[in-house]
Amino acid sequence: MENKQQEHVHLLIIGSGPAGYTAAIYASRANLKPVLYQGIQPGGQLTITTEVENYPGYPEGIQGPEMMVDFEKQATRMGADIRYGMATSVDFSKQPYKVVIDEEKEITADAIIIATGASAKWLGLPSEQRLNGSGVSACAVCDGFFFRGKEVAIVGAGDTAAEEALYLSKMCSTVHMLVRRDEMRASKVMQDRVLKTSNIIVYWNSEADEVLGENKVEGLRIYNNKTQEKKDIAVSAFFVAIGHQPNSAIFKDYLQLDEQDYIVTVPGTSRTNVEGVFACGDVQDKIYRQAVTAAGSGCMAALDAERYLSAKEHQH
Ligand code: NDP
């Protein structure tokens, strides 16, 4: 496209979850004058959760969307330039690195922090979408607590599903776990734990056909893909744990990604394989994925960027 608008910034932050905003707070206070682009979902995944009770500093808990407004306000108060817009392509082949926003504006930056997060994968059922937030959740650690003592269901057979089923089994009366094949993908040790837990019932070769309920989840219609049989189970919540997709596609030609597309960082740092490009939050974390760990890694990225930029200035 011709006549692209152009701008040069010192530090560009891409993404607006806890990682991006925390990076912006730290970078502003270090006088790096960060410009942050929020992406299509300002506030990130926390804006689709309800109450957050495990983020330290909120003794009464807080609504996810409200917490992200607080993060944004704090970053703005420190001087970060927060803008609505989506990074649509990048060129990290030479410095200064280029990032195109909304396919039209070209930004060059001395350093870049990537905090684009990950998106939960969904089954794609209309009833799953309709009841999302009303008993359908992609995060047992966030929402399991609301279904204490109740029967719940979970779909998925990887380490996340196993871990979340075990987590739920400690507070829910029964956990119905749907596995679409006759074996689980999860590590052996996690499978063993699941199979030895008396209140987890595993349904092999089983898939979710429909989530039942008008305004909240009241049950699940399950479908056996071997026998074609369908049956309804009464549950109050349905957890979807079939994996996450890190939002790393636009970086794939330049940054090292792992086999699941997570950005690879040097352990214990936020550094990527490209000098001056840092990554934090869920786009580089497939294990912890918590708001508080994302915020912590955003702080690391800002400190790493600051060190990098000041070393670069001293070279000149
Ligand atoms: P995975 O991609 O490993 O597993 C996804 C699971 O969901 C698979 O069992 C898959 O089934 C199932 N699935 C996918 N689509 C559907 C569908 N449409 N219907 C039903 N089931 C479906 O994702 P995870 O999030 O579990 O793990 C991601 C990575 O993170 C892994 O490498 C994992 O080991 C790691 N991890 C490690 C942890 C730890 O070490 N503590 C904790 C959590 C994750 P199928 O097997 O049939 O393909």
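How many residues surround the ligand, and which are the closest? In this predicted model, 16 residues surround the ligand, and the closest are D159, T160, R180, R181 and R185. Let's look at some of the contacts behind that list.

Two of these residues, D159 and T160, each place a polar side-chain atom 2.6 Å from an oxygen atom of the ligand. A157 takes part through its backbone instead, with an N or O atom 3.2 Å from a ligand oxygen.

| Residue | Atom on the protein | Distance to a ligand oxygen atom |
|---|---|---|
| A157 | backbone N or O | 3.2 Å |
| D159 | polar side-chain atom | 2.6 Å |
| T160 | polar side-chain atom | 2.6 Å |

Finally, a word on strand β2, which spans residues 34–37. In a regular strand, side chains alternate between the two faces of the sheet. In β2, P34 and L36 point one way while V35 and Y37 point the other, and all of them are buried. Strand β2 has parallel partners in β1 (residues 5–14), joined to it by four bridges, and in β5 (residues 81–83), joined to it by three. Across from P34 in β2 stands L11, while V35 has D81 of β5 opposite.

Methods. Residues numbered from 1 in each chain as written. Predicted model: local features only at pLDDT ≥ 70, side-chain atom pairs only at ≥ 80, totals over all residues. Heavy atoms only, no water. Buried < 20%, exposed > 50% of the residue type's maximum accessible area, 1.4 Å probe, protein only. Helix = DSSP H or I, 4+ residues; strand = E, 2+ residues; numbered from the N terminus. Pairing = 2+ DSSP bridges. Near = heavy atom within 4 Å. Polar contact = N/O pair within 3.5 Å; in protein donor to acceptor, adjacent residues only side chain to side chain.
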